[in-house]
Amino acid sequence: MTGWRLLLTRPAEESAALADLLDEHGIHSSSLPLLAIEPLPESAEQRATMLELDRYQAVIVVSKPAARLGLERLDRYWPQPPFGQVWFSVGAATGGLLEAYGLDVSWPDSGDDSEALLALPRLAEAVAVPEPKVLLLRGEGGRELIAETLRQRGVQVDSLELYRRYLPTYPAGTLFGKVRSERLNALVVSSGQGLQSLHQLAGDDWAELLELPLFVPSPRVAALATQLGAKRIVDCRGAGAAALLAALRETPSPHP
């Protein structure tokens, strides 16, 4: 496993934490953040939504940035969380932030994606009330699967967009230059948007990068990678560090 030399593409803070963990396992990595997070200003409507948080039977948090920013607002407006409210997260890492705050939170064990969350029996139980309401804490844009599916189940879903993601600016050739100069032999992305950013930044060098193993977090992102021409896709079945480490163990590493 120590033959891997990985390119990490998560936001800078997350990449740094992952790099430290990989280093403990003897795995070399280098970071080129392809997603940056910018908090959105709070509107009067958003403030009103937080002040009426107790109207919702459940709150769903789709990412770690949404968890951090959502908890800041929860702390600002609610000395104690609404009684009996259930929280859900798409993945274990996000769920851990909510759990550490003291919230009653559940997340799927079967995968870090919307499909796994929607299959949770506890989510079905939480909305099995007359006129159920769910609040979705998320970033600007992104997938609509959770909201659309719950609405089809008769749930009122309101969204609170807390941040936007964007691709940082890099000089032309930065991505391929880093891969070549540091002899990196695999790429890691943690979301579909991260993969799109990787493709965009690669530009004319994309064909060269397609030869490298590409570690992705879910079947959905694996399918997107296939559409973009990736040849060696490894589905980690999760976006967390544990899922990546498991996939690295199961995948024969290149020779050092």
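Start by selecting Ser190, which sits in the loop between strand E9 (186-188) and H9. Helices (H or I, at least four residues) and strands (E, at least two) are DSSP runs, numbered from the N terminus. Ser190 is partly exposed, at a relative accessible area of 23%; buried means under 20%, exposed over 50%, and partly exposed in between (1.4 Å probe, protein chains only). Show its surroundings and, leaving aside neighbours within four places in sequence, you will find contacts with Arg10, Pro217 and Ala239, where contact means heavy atoms within 4.5 Å.

Before moving on, a word about what you are viewing. This is a predicted model, in which local features need pLDDT of at least 70 and side-chain atom pairs count only at pLDDT 80 or more, while totals for chains, interfaces and linings use all residues. Residues are numbered from 1 along each chain as its sequence is written, and side-chain values use heavy atoms, with hydrogens and water left out. If you colour by pLDDT (the predictor's confidence in each residue, from 0 to 100), the protein chain averages 92, and 99% of the residues score at least 70. Confidence is lowest in helix H5 (residues 114-118), with a mean of 89, and highest in strand E4 (residues 58-61), at 98.

**Cavity stop**

Now select Arg10, Val188, Val189, Phe215, Val216, Pro217, Cys236, Gly238, Ala239, Gly240 and Leu244: they line the largest cavity. Its volume is about 50 Å³, and the structure holds two cavities of 30 Å³ or more. Here a cavity is a set of points on a 1 Å grid over the protein atoms alone where a 1.4 Å probe fits but cannot get out; a pocket is an open set with protein on both sides within 12 Å along at least five of seven lines, and lining residues have an atom within 4 Å of a point. Grid points are joined across faces, edges and corners, and a volume is the space filled by probe spheres set on the points.

Trp4 belongs to the segment before strand E1 (5-8) and Phe215 to strand E10, so the pair ties together parts 211 residues apart in sequence. Both Trp4 and Phe215 are buried.

**Into the core**

Next, select helix H9. Which of its residues are buried? They are Gly192, Gly194, Leu195, Ser197, Leu198, Leu201 and Ala202, and their cover includes E1, H8, E9, H10, E10 and H11.

Leu195 and Leu198, together with Leu175, Leu209 and Leu214, touch the most other members of the largest nonpolar core, which has 25 residues. Such a core is a set of buried Ala, Val, Leu, Ile, Met, Phe, Trp, Tyr and Cys residues joined through side-chain atoms within 4.5 Å. Helix H8 (174-181), helix H9 (192-202), helix H10 (206-209), strand E10 (214-216) and helix H11 (219-227) each give two or more residues to this core. A second, separate core of 21 residues includes Met50, Tyr56, Val59 and Leu135.

Step across to Ala225 in helix H11. Ala225 is buried, at 1% relative accessibility, and beyond residues up to four places away in sequence it touches Leu195, Leu214, Ala230 and Ile233.

**Two arginines to finish**

Most residues other than glycine have a negative phi, and most peptide bonds are trans. Arg183 has a positive phi, near 55 degrees; look for Arg183 in the loop between H8 and E9, where it is exposed at 55% relative accessibility. Arg237 also has a positive phi, of about 55 degrees. You will find Arg237 in the loop between strand E11 (233-235) and helix H12 (241-250), exposed with a relative accessible area of 56%.
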